[in-house]
Amino acid sequence: MLREFGSFPRAKVPLSEDCGFIWAYSGREIDRLLPNADQDEMRRQARAALAASRSEWKTADNRVGYTRAKKAEEEIADVEEALAKELWGAAPQSAAGVAVKLHSLLEMEDPGSALQEAPWPELRTILADLVRISAGPPAMGVKE
């Protein structure tokens with residue numbers, strides 16, 4: 001969204017005559033920056049600019065689908081967390097069951113196996129050992 005829109009919805013609030021401006025991201029911020037009665041018109045203009053910026057943001061959001069994707073991602077994360085808690089609470093019946101739990105933990109905490117500092121490489125080695133042990137002895141004539 002930021003690449004598409006350029007920034008979060010905001011409005012310029014003048015600091016004083018010819019002294020620059022500050023960005024405001026909410027109506028409350030505008031009110032705080034322009035508290036005086038003689039600033040009513042500047043406050044009204046800043047609020048209108050913020051409303052226009054929010055409208056442009058919503059239009060871009062509808063086109064890009066950011067809010068829908070974010071909501072779906074949050075829902076999936078909630079399901080993933082619930083399933084992981086259920087899995088981690090289950091008593092494994094085999095080395096394969098332990099491997100499944102370890103794999104789940106590794107994928108949730110280090111997706112893509114990017115972390116290289118301890119204990120991540122060691123945990124991945126332990127997982128590989130569990131998988132190998134769970135697979136049983138190699139077939140006759142097959143070298144490990």
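This is a predicted model: local features need pLDDT of at least 70, side-chain atom pairs count only at pLDDT 80 or more; totals for chains, interfaces and linings use all residues.
Trainee: Which residues does R43 touch, not counting residues up to four places away in sequence?
Mentor: R43 belongs to helix α3, where helices (H or I, at least four residues) and strands (E, at least two) are DSSP runs numbered from the N terminus. Contact means heavy atoms within 4.5 Å. With residues up to four places away in sequence set aside, the residues that R43 touches are I30, D31, L34, P35 and N36.

Trainee: Where in the chain is confidence highest?
Mentor: The chain averages a pLDDT of 91, and 95% of the residues score at least 70. Confidence is lowest in helix α1 (residues 2-5), at a mean of 82. The highest value, 96, belongs to residues 27-33, helix α2.

Trainee: Which residues make up the largest nonpolar core?
Mentor: A nonpolar core here is a set of buried Ala, Val, Leu, Ile, Met, Phe, Trp, Tyr and Cys residues joined through side-chain atoms within 4.5 Å. In soluble globular proteins, nonpolar side chains tend to be buried together. The largest such core has seven residues: A11, V13, A24, I30, L34, A46 and L50.

Trainee: Is G27 buried or exposed?
Mentor: G27 is part of helix α2. Not counting residues up to four places away in sequence, G27 touches R47, L50 and R54. From R10 it is 17 residues away in sequence and 9.7 Å in space, C-alpha to C-alpha. The relative accessible area of G27 is 11%, so G27 is buried.

Trainee: How far apart in space are F8 and W57, C-alpha to C-alpha?
Mentor: F8 sits in the loop between α1 and β1 and is partly exposed, with a relative accessible area of 47%. Leaving out neighbours within four places in sequence, F8 is in contact with L2, Y25, S53 and W57. F8 and W57 are 49 residues apart in sequence, yet their C-alpha to C-alpha separation is 7.6 Å.

Trainee: Is the crossing of α4 and α5 left-handed or right-handed?
Mentor: The axes, which are lines fitted to C-alpha atoms over the stretch in contact for helices, with angles from 0 to 180 degrees between N-to-C directions, come within 10 Å for helix α4 (residues 66-89) and α5 and cross at roughly 150 degrees. Angles under 35 degrees count as roughly parallel, over 145 as roughly antiparallel, 65 to 115 as roughly perpendicular and the rest as oblique, and α4 and α5 are therefore roughly antiparallel. A crossing is left-handed if the near helix is turned anticlockwise from the far one by less than a right angle, and right-handed if clockwise. For α4 and α5, the crossing is left-handed.

Trainee: Which residues is S104 in contact with, leaving aside its neighbours within four places in sequence?
Mentor: S104 lies in helix α5 and counts as buried, at 16% relative accessibility. Where the helices meet, E80, E81, A84, L87 and W88 of α4 face V100, K101, S104, L105 and M108 of α5. Apart from neighbours within four places in sequence, S104 is in contact with A84, L87 and W88.

Trainee: Within how many Å do the axes of α5 and α6 come?
Mentor: These axes cross at roughly 150 degrees, which makes α5 roughly antiparallel to α6. Their crossing is left-handed. Residues making the contact include A99 and L102 of α5 and L127 and L130 of α6. The axes of α5 and α6 come within 9 Å.

Trainee: What is omega for the peptide bond from A118 to P119?
Mentor: P119 lies in the loop between α5 (95-109) and α6 (120-135). In that loop is also S113, a residue other than glycine with a positive phi, near 50 degrees. The A118 to P119 bond is cis, with omega near 10 degrees.

Conventions: Residues are numbered from 1 along each chain as its sequence is written. Side-chain values use heavy atoms; hydrogens and water are left out. Buried means under 20% relative accessible area, exposed over 50%, partly exposed in between (1.4 Å probe, protein chains only). pLDDT is the predictor's confidence in each residue, from 0 to 100.
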